[in-house]
Amino acid sequence: MSTDPKKLPGADPHTGNREIDPVTGYDTTGHDWGGIKELNTPFPKVALVALALTVAYSVIAWVLLPAWPLGRDYTRGILGLDQQEVAEERLRDLATLRADWLGRFEDPDFTALSNDPELMGLAMPAADRLYQDNCSACHGRAGGGGPGYPVLHDTYWLWGGAPDDIAVTLQVGINAAHPDTRWAQMPAFDWMEDGQLSALSGYVAAMPSDEADPDSEAATLFTENCVACHGEGGAGGLMNGAPSLVDDTVIYGQDEESVMVSLRNGRQGVMPYWSERMSDAEINALSLYVSRLPDDGAVDRTETPQASEGSAAEATQ
Ligand code: HEC
Ligand code: HEC
């Protein structure tokens with residue numbers, strides 16, 4: 001660069017005097033447009049350096065990493081990184097890890113398995129995942145059920161709440177397309193007279209609070225038409241899919257109106273079967289999970305209306 005002060009930017013070419021802008025303190029470039037002068041504020045060096053660095057980085061990245069699309073292919077970069085391979089490898093590791101414990105559910109001794117805390121710690125979170133993915137849409141996130149879908153975290157069962165019973169329910173479903181499905185139907189009693197139907201509805205609605213009159217005409221109707229499926233006094237327990245009518249859990253509702261609908265139209269809920277969609281081991285792990293829903297953990301993730309003091313198997317149990 002020249003040391004001649006007359007050639008410095010902002011210096012007067014004849015006198016070499018610099019002109020400093022009084023407001024900003026910058027030199028001016030000496031350009032003058034009708035009294036408006038241009039300040040000599042060059043592009044900041046730090047920005048130029050940053051720009052150069054990013055350009056350098058991108059060039060290095062193009063060389064090392066997958067970068068440019070080439071039709072159906074792409075430049076791979078000399079490091080040869082491939083996210084898909086990484087993901088597949090991790091998945092293989094996971095599957096191996098899972099096979100180790102899942103194998104123990106193939107022909108399970110449920111009592112022994114549930115007494116193995118280490119195994120439970122691996123299996124129950126996985127079963128919770130299965131439950132949330134496949135079951136929660138109908139039965140609620142914590143098994144709280146909802147109108148038409150039974151509660152799974154209580155002690156009342158249509159088909160039994162031991163893990164083996166639940167496993168059968170899952171394998172074949174209820175009123176499902178499986179040839180061995182559990183089958184249950186509440187027949188329609190539309191042949192009854194309206195008076196009989198409403199007397200019966202009132203009677204059934206009063207059963208859980210023990211206020212149903214045992215000497216009424218409705219009580220006789222109930223004995224003649226209902227106990228064959230719903231058990232003596234409506235107490236259920238016949239393991240035929242007919243719920244108890246004396247406890248406070250309901251599937252469809254046990255107020256007079258809902259009972260009337262059940263009587264007029266009948267009911268036949270469908271629970272899909274899972275033997276084609278899950279392995280036996282998965283079904284068994286899930287059955288153990290469902291059977292444990294009532295007794296451990298106090299986490300209720302249910303948003304469905306019926307569930308109140310529900311509990312979910314804590315993932316870390
Ligand atoms: C499409 C809705 C739906 C899905 C999904 C579903 N269920 Fe069900 N489930 C039902 C219905 C409806 C019933 C009751 C059938 C009846 O009314 O007889 C039922 C009944 C059951 C029962 C019997 C309850 C008893 O008291 O004996 C169990 C256990 C059960 N389901 C577990 C599960 C599990 C575990 C899953 C997930 C793999 C699942 N269900 C997925 C609708 C569903
Ligand atoms: C053939 C067997 C059978 C007979 C007979 C029968 N029921 Fe049912 N009932 C069922 C089954 C099975 C269900 C469950 C249906 C379902 O879950 O989809 C049921 C469900 C019900 C429900 C719904 C309960 C709830 O929790 O929402 C009511 C109420 C009911 N029955 C009342 C009666 C009355 C009253 C009679 C006699 C007039 C009667 N049932 C006769 C099998 C029967």
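Predicted model: local features only at pLDDT ≥ 70, side-chain atom pairs only at ≥ 80, totals over all residues.
The UniProt record, an unreviewed entry, carries a "binding site" annotation for Cys135, Cys138, His139 and Met271. These residues span 137 positions in sequence, yet no two of their C-alpha atoms are more than 10.4 Å apart, so they gather at one spot. Cys138 is located in helix H5.

## Packing against helix H11

The axes of H6 and H11 come within 8 Å and cross at roughly 125°, an angle that makes H6 oblique to H11. The crossing of these two helices is right-handed. On the H6 side, the contact is made by Pro163, Ile166, Ala167, Leu170 and Gln171; on the H11 side, it is made by Ile283, Asn284, Leu286, Ser287, Leu288, Val290 and Ser291. This contact of H6 with H11 comprises eight nonpolar and four polar residues, with no charged residue.

H11 also packs with helix H4 (residues 117-134), at an angle of about 95° and with the two axes 9 Å apart. H4 is therefore roughly perpendicular to H11. From H4, the residues in contact are Ala123, Met124, Ala126, Ala127, Asp128, Leu130 and Tyr131, and from H11 they are Glu282, Ala285, Leu286, Leu288 and Tyr289. Ten residues of the contact of H4 with H11 are nonpolar, none is polar and two are charged. Leu286 and Leu288 of H11 take part in the contact with H4 and in the contact with H6.

## Surroundings of ligand 2

Ligand 2 is surrounded by 27 residues, of which Met186, Cys226, Cys229, Tyr252 and Gly269 are the closest. Helices H7 (194-206), H9 (227-230) and H10 (256-265) each provide at least two residues of the shell around ligand 2. The shell consists of 17 nonpolar residues, nine polar residues and one charged residue.

## Packing of H7 with H8

Helix H7, which contributes to the shell around ligand 2, packs with helix H8 (residues 217-225) at an angle of about 90°, and the axes are 9 Å apart. The two helices are therefore roughly perpendicular to each other. Gln196, Ala199, Leu200, Gly202 and Tyr203 of H7 make the contact with Glu217, Ala218, Ala219, Leu221 and Phe222 of H8. By class, the contact of H7 with H8 contains seven nonpolar residues, two polar residues and one charged residue.

## Annotated transmembrane region

The unreviewed UniProt entry lists residues 46-68 as "transmembrane region". In the model, the chain over residues 46-68 is 83% helix and 0% strand. The end C-alpha atoms of this stretch are 29 Å apart.

Methods:
Residues numbered from 1 in each chain as written. Chains lettered and ligands numbered in written order. Near = placed C-beta within 6 Å. Helix = DSSP H or I, 4+ residues; strand = E, 2+ residues; numbered from the N terminus. Nonpolar A, V, L, I, M, F, W, Y, C, P; charged D, E, K, R; others polar. UniProt positions renumbered as here; feature names shortened; annotations may be inferred. Axes fitted to C-alpha atoms, helices over the stretch in contact; angles between N-to-C directions. Parallel < 35°, antiparallel > 145°, perpendicular 65-115°, else oblique. Left-handed = near helix turned anticlockwise from the far one by under 90°. Contact = placed C-beta atoms within 7 Å.
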